[in-house]
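Hi! Here is the structure I promised to pass on. Have a look at it first, then read my notes below.

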Amino acid sequence: EMFDANPHRLPSTNIASIFRNSLSEIPAKLATIPPFLVLVAPRHTRSQRSYRYIIPDREITLDNSIVQLVCLKCQKTNHDPETSKDFYFCNECHEKESATVTTDATITCYCTNCLSDMHKHLAGSIHTHHTKRVSSDKTKLNLFAVLCIETSHYVAFVKCQKRNPLQHEWLFFDSMSDRMYDEQNVPLVDSVPDFDKWIDDAEKGKDDFFNWLDDRRGKRQPTSQTFNENSMRQLRLFRDGAFFFYENADMNY
Ligand SMILES: [Zn+2]
Ligand SMILES: [Zn+2]
Ligand SMILES: [Zn+2]
């Protein structure tokens, strides 16, 4: 869950900025590189969202400013102004020191000073230690689903891998697309070929696009009449996006 009260009353933003603002508000850093990340759109109140429109970034980069590395030995972090920003993992030292087993999912690493301390006595056998630099600046999380909620009507946009792993398509899922005999919900699954374009366009001309949506919403007609099916889905995506699901592409699970 995120906290971003939108102090500047912006009508729209993107989810990555909310995520960053939220971490600096708490303040908090990530202690680990997560395999999944679920971001929840912030709200002023239960019914009022902090932003009228949210653009889901297709990619969020986790860099050193939001990921915290802590040295297992001295507890210094990569945000400590006096420590070097380089942190290392050494398999052999870690096995030897495994009395310091941590149960929480923090990143196992040592600062430059502690590593060279531990390696000082090794002399000739240093080659038996396999050291590797811990990097937290290149992790990318990819958007794979957005769950949109308007009162109790849930719809979702879901990314599906095609047979060619480099290709994907976006699907739209609506469990209550239609009703039969006024009692049964008829679900709908449809492909959304323009999903990437919607986001590109929203990122490029966001004020124009969202002003247009505002303008349309201001009309005294049911939204089903002012919006065609395609722009209705855009409205659902940008206005009702509530849960944003990201996965770490580098992680195997
Ligand atoms: Zn240290
Ligand atoms: Zn080590
Ligand atoms: Zn070592």
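T151 sits in the loop that runs between β8 (139-150) and β9 (153-161). Helices and strands here are DSSP runs, numbered from the N terminus, with at least four residues (H or I) for a helix and at least two (E) for a strand. Before going on, some housekeeping: this is a predicted model, where local features need pLDDT of at least 70, side-chain atom pairs count only at pLDDT 80 or more, and totals for chains, interfaces and linings use all residues. Residues are numbered from 1 along each chain as its sequence is written, chains are lettered from A and ligands numbered from 1 in the order in which they are written, and side-chain values use heavy atoms, with hydrogens and water left out.

Back to T151: what is its phi? The phi of T151 is positive, about 40°, although T151 is not a glycine. Most residues other than glycine have a negative phi. T151 is also exposed, with a relative accessible area of 76%. (Buried means under 20% relative accessible area, exposed means over 50%, and partly exposed is in between, using a 1.4 Å probe and protein chains only.) R9 is another non-glycine residue with a positive phi, near 55°. You will find R9 in the segment before β1 (12-14), and at 62% relative accessibility R9 counts as exposed.

**The zinc ions**

Let's start with ligand 1. The zinc ion (ligand 1) is held by C71, C74, C111 and C114, each through its SG atom, at 2.2 to 2.3 Å. Donors are N, O and S atoms within 2.8 Å of the metal (3.2 Å for Na, K and Ca), and sites may look incomplete because water is not among the atoms. The angles among the 4 donor atoms of ligand 1 run from 102 to 116°, and the site is tetrahedral. For four donors, that word requires all angles to lie between 85 and 135 degrees. The ideal angle for four tetrahedral donors is 109.5 degrees. Along the sequence, the donor residues of ligand 1 are spaced C-x2-C-x36-C-x2-C. C74 is in the loop between β4 (59-62) and β5 (87-90) while C114 is in helix α3, so this pair ties together parts that are 40 residues apart in sequence. C74 is partly exposed at 31% relative accessible area, whereas C114 is buried at 11%.

Now for ligand 3. Which residues coordinate the zinc ion (ligand 3)? They are C90 (SG), C93 (SG), H119 (NE2) and H129 (ND1), at 1.9 to 2.3 Å. The site of ligand 3 is tetrahedral too, with angles of 104 to 119° among its 4 donor atoms, and its donors follow the spacing C-x2-C-x25-H-x9-H along the chain. Here C93 in helix α2 (residues 91-96) and H119 in helix α3 (residues 112-120) are a pair linking distant parts of the chain, 26 residues apart. C93 is buried, with a relative accessible area of 1%, and H119 is buried as well, at 11%. One more thing to look for: the zinc ion (ligand 3) and the zinc ion (ligand 2) are 3.8 Å apart.

How many disulfides does a search of the whole structure find? The search finds 0, where a disulfide is a pair of cysteine sulfur atoms within 2.5 Å. Take C109: the closest cysteine sulfur, in C71, is 6.9 Å from the sulfur of C109, too far for a bond. C109 itself is buried, at 0% relative accessibility.

Among the buried ones are R233, L235, L237 and F238.

P42, in the loop between β2 (36-40) and β3 (53-55), is buried at 2% relative accessible area. P42 and F243 are 201 residues apart in sequence, yet 9.9 Å apart in space, C-alpha to C-alpha.

Finally, the protein is divided into domain 1 (12-61 + 141-248) and domain 2 (87-134), with bounds from an automatic or database domain assignment. Their C-alpha centres lie 43 Å apart.

Terms used: Tetrahedral: all angles 85-135°; square planar, octahedral: opposite > 155°, others 65-115°.
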